[in-house]
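Dear colleague,

Please find below the structure that I am handing over to you.

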Amino acid sequence: MKRNPLVLATALAFACIAPAWAQDNAASTGTPTQKLEAIEVTGSRIPRAQVEGPAPVVTITAQDIERNGFANVADIMSSLTQNLGALDNNQYTGGFSVGAQAVDLRGLGPNHTLVLINGRRIADWPQSYGGDSNFTDISSIPAAMIDRVEILSGSASAVYGSDAISGVINFIMKRHADGTTINYRAGATEHGGGGSQRLQIFSGWEKGNFSSVFGIELIDKKPLWAYQRDFTDSRQDSPAPASKIYADPAWGILDEDENYIDPGKATCDALSAYDQGTIIYAYRKNWGNYCGSYYSTGYGTLENSRKAANFWGSANYRVSDSLSFYLDLMASTSHQESYWMPQRWQNCYPLNGDCAPTPFYNAATGQVEQWQRQYFTLEENGGFKPGMIRNIDNAMTFNVGAKGTLGDGQWNYDATYGHSQNQLEQKWPALVAAKAQALYLGPSLGVDPDSGLQIYDAPYSRFYTPLTVAQFRSITQDSIDNDNSRADTVSATINTTELFNLPAGPVGFAAVAEYGTQYFGLKADPLSLDGSYYGLHNTSAVGSRSHAGTGAEFSAPLFSMLTLTGAGRFDRYEYSSNSSSKFTYALGLEFRPLESLLIRGSYGTGFRAPDLSYLYAGPSGSNSSGTDYYRCRRDEPDTAPDFIDDCSLGDIGYNGRSHGSTDLKNETSKSFTGGFVWSPARGLDFTVDYYNIRLKNEVEYQTSDLILREEADCRLGKTLDGTPVDINSGICQQVLTQVVRNPATAPISPEKITSVLVLPINAASDRTSGFDFNAHYALEAGRWGNFGFNFGYTYVIAHKIQFFAGDPVTDELADLYDYVIPRSKANYSVNWSKDAFSATLYGARIGGLPNYDGTQRLGPTFKYNATFGYRFNERTNVSFVIDNLFDSKPGRDSTWTGYPYYSRNWFNAVGRAYFVEIDYRFGGAAH
């Protein structure tokens with residue numbers, strides 16, 4: 001019998017929690033409970049007095065950030081148990097979006113988590129995540145200016161529109177300053193590298209009807225180099241058997257059978273002073289001898305260097321009791337440097353947007369050869385500095401508007417214009433293939449009639465002579481990308497806590513209308529698009545879209561113990577000559593049978609409009625291979641179904657091509673949460689929440705294998721099992737344009753596949769479910785001081801994905817090879833304070849991750865931070881933080897033979913670090 005997931009979820013989950021903080025605080029101080037001021041909480045535009053509502057919201061306060069030793073927003077987000085994606089981070093120094101950091105609620109991808117600042121959107125990072133989708137960078141948000149972070153689980157498009165599929169993260173910035181606070185933090189790592197300094201100044205100014213707060217954060221962080229850790233400084237650190245560990249070839253020449261031509265020990269000995277004296281006469285089994293080093297892997301950064309300045313300011317002018325004007329401004333500049341790997345080169349020719357390695361006939365030796373500089377040495381490069389990847393990012397977000405009350409003060413309004421932009425200049429050191437070819441091989445002497453290869457007269461002495469710095473500069477240059485993104489939005493909201501009264505109380509209401517435009521410009525260096533550089537290939541994407549949306553919410557007390565909430569919203573996006581629109585809705589129930597107990601549930605629909613990266617990605621190419629199913633089925637039908645192994649055309653080469661598509665439609669989702677919040681005693685509360693999210697029409701790039709199978713069906717008029725297929729159908733006409741073949745009458749290679757085009761399409765379905773558990777306990781222990789205990793835990797019941805219709809469903813928690821993700825994640829802390837002293841022990845647990853081979857799950861890993869504070873007086877505080885208290889190294893895996901020999905998504909090589917923090921406040925009230 002097919003089970004209804006909603007019924008199952010309800011049965012499993014009427015569980016989740018909300019602490020009665022106001023009651024607890026009142027009881028602990030012995031003062032009577034007071035009516036709380038109504039405020040907006042993430043997930044609704046209707047102000048409410050209760051902290052908890054129908055959907056679970058996790059709150060991280062400024063005090064939590066300080067106590068737990070978090071230095072930046074990335075630290076805060078990595079602590080979230082709901083942040084379950086295997087994300088790129090600042091250890092990925094050579095991939096896409098270098099220098100940016102994302103967050104991924106529920107592991108559905110960072111493009112499905114909506115990030116807000118004070119409830120408003122900011123511009124996307126001007127590069128795509130993983131080369132595919134847009135996302136929001138969180139690294140430029142100043143941690144010192146955060147008042148609190150609210151994390152809402154589940155689809156919230158009915159309130160916020162597109163992107164809020166797996167949840168919403170709302171950074172709420174400080175609005176009030178008590179004097180001027182100066183905070184300085186400095187730190188160093190126990191094993192060297194990665195030292196940092198941070199200066200924060202936060203203040204405010206008021207005069208008459210004008211009030212403002214503003215703050216600046218200055219950051220100077222040094223890089224962490226791989227050679228500074230004894231488990232990442234050499235290829236010999238690999239857990240692979242010694243017979244499979246080999247030196248990296250700095251100088252190597254291959255023959256036509258791809259075996260190294262022995263340079264002789266004397267040749268390598270003459271080069272032994274290079275790479276800081278690590279070049280040796282090396283041997284690789286089944287390949288032969290060459291000159292190389294085990295230590296080239298150490299010449300890369302494990303964490304970027306970063307110098308940044310972040311500003312946050314907010315100003316308000318009260319014209320009257322019913323009208324105020326305001327301005328919020330956040331600006332940042334960031335200069336990051338990272339080192340991916342030394343430059344490298346092989347003789348090659350531009351093909352499919354890349355430079356494809358190609359052998360040549362060497363007239364000097366009379367044989368076919370392939371010259372390889374798998375890396376140029378540090379001395380040839382002139383040190384580390386010239387090889388740095390440099391990111392200069394300038395971002396700004398401002399919102400200006402008017403807010404106040406209408407009529408008798410029961411209605412609140414807010415009209416805003418918001419602008420957000422992000423400009424990135426990225427400089428990659430690049431080797432110009434043609435210049436290197438000319439330097440090493442000289443001019444072409446024609447084409448060899450036997451091999452069809454280019455002929456060069458290239459003596460070995462030229463190859464085995466190290467380049468001078470000047471020579472190296474003559475074949476390299478910076479590849480400069482200038483990328484930018486921006487968003488402009490005009491919005492108006494109204495709300496009231498008393499639209500009208502029901503017997504059980506007043507009905508709350510809110511409405512919103514907005515219009516906006518977005519632009520995404522990934523403008524790559526033209527030479528990185530056509531194969532001019534060796535080992536560096538890029539893509540471009542330039543486009544815009546407009547958006548309009550309107551929505552409404554209500555909150556109605558049906559009975560004294562039962563409240564119903566609802567929201568509905570309609571959004572429309574227009575891009576190119578196409579458009580997409582979607583109506584989303586949400587319903588919630590809050591049942592309070594006791595003052596200390598809340599039972600809740602919510603159901604919502606969500607969507608994500610096609611993002612600009614998928615819509616407007618420019619042409620990209622690669623050398624690909626696959627099966628010619630059409631000719632195999634037509635000419636060699638007896639090889640079915642194992643065409644790959646048995647058909648003579650089972651593995652052929654062709655030009656793989658891709659670009660964006662403006663025919664994409666919305667991704668859609670459904671989300672359910674259910675749970676309870678229980679405060680059985682003063683200072684004690686529990687929350688348990690079940691979540692279930694189902695995502696459909698997720699955008700994925702087609703596979704060339706799928707296109708070639710469909711082409712065969714169309715051309716032959718039937719599928720492999722005999723189902724009829726109409727070649728004149730729309731899908732067949734599209735597929736036939738994506739596979740390009742030589743004409744049947746071509747004198748050479750008739751009907752040979754020359755290229756296959758893959759496009760992004762709405763195809764995948766993704767679903768995940770699990771539980772969140774949180775507990776808090778505040779204990780007043782008299783002369784022993786005050787204690788606080790906190791525990792958070794997320795357990796994933798299931799996470800399954802189906803990429804294309806007809807494909808098998810993949811269980812991400814069972815597929816241990818392709819999905820390096822945990823089933824559970826936890827954090828916990830104990831804090832203590834007495835008089836001028838305070839201390840916190842914070843711990844984080846990641847459930848067992850799969851090993852590199854995907855054959856088993858390893859054990860869980862743990863990390864602890866300790867913070868000690870002393871308040872000298874009412875204005876001066878000093879803290880000492882130990883990050884990674886027990887100096888835990890990345891989880892060791894005997895099968896993880898890929899550098900750096902651990903999962904960079906989940907671990908880092910920093911080790912134990914020490915920080916001293918001084919906080920001094922001028923002016924303001926005495927505390």
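Predicted model: local features only at pLDDT ≥ 70, side-chain atom pairs only at ≥ 80, totals over all residues.

Residues are numbered from 1 along each chain as its sequence is written, and side-chain values use heavy atoms, with hydrogens and water left out.

Salt bridges

The structure holds 35 salt bridges (a salt bridge is a side-chain nitrogen of Lys or Arg within 4 Å of a carboxyl oxygen of Asp or Glu). One of them joins arginine 175 to aspartate 328, at 2.8 Å from N to O. Arginine 175 lies in the loop between strand S5 (167-173) and strand S6 (180-189), and aspartate 328 is in strand S15 (residues 323-338), so the pair ties together parts that are 153 residues apart in sequence. Strands are DSSP runs of E with at least two residues, numbered from the N terminus. Aspartate 328 is buried, at 5% relative accessibility, whereas arginine 175 is partly exposed, at 37% (buried means under 20% relative accessible area, exposed over 50%, and partly exposed in between, with a 1.4 Å probe and protein chains only).

A salt bridge also forms between arginine 569 and glutamate 514, whose closest N and O atoms are 2.6 Å apart. Arginine 569 belongs to strand S27 (residues 562-575) and glutamate 514 to strand S25 (residues 505-523), so that distant parts of the chain, 55 residues apart, are linked. Both arginine 569 and glutamate 514 are buried.

Arginine 631 and aspartate 628 meet in a salt bridge of 3.6 Å, N to O, and both are buried. They are part of a network of salt bridges that links Asp628, Arg631, Glu711, Arg715 and Arg741.

Surface patches

Patches are made of residues with over 30% relative accessible area and no salt bridge; like charges are joined within 9 Å, and nonpolar side chains (Val, Leu, Ile, Met, Phe, Trp, Tyr) within 5 Å. Lys670, Arg694, Lys696, Arg767 and Lys800 gather in a surface patch of positive charge. Lysine 670 is found in strand S32 (residues 667-681) and is partly exposed, at 48%.

A nonpolar surface patch consists of Phe868, Phe880, Tyr914, Val916 and Ile918, with about 400 Å² of accessible area together (areas come from the Shrake-Rupley method with a 1.4 Å probe). Strand S43 (residues 913-922) gives the most to this patch, with 3 residues.

With kind regards

Technical notes. Lys, Arg positive; Asp, Glu negative; His and termini not counted. Charge placed at Lys NZ, Arg CZ, Asp CG, Glu CD. Helix = DSSP H or I, 4+ residues; strand = E, 2+ residues; numbered from the N terminus.
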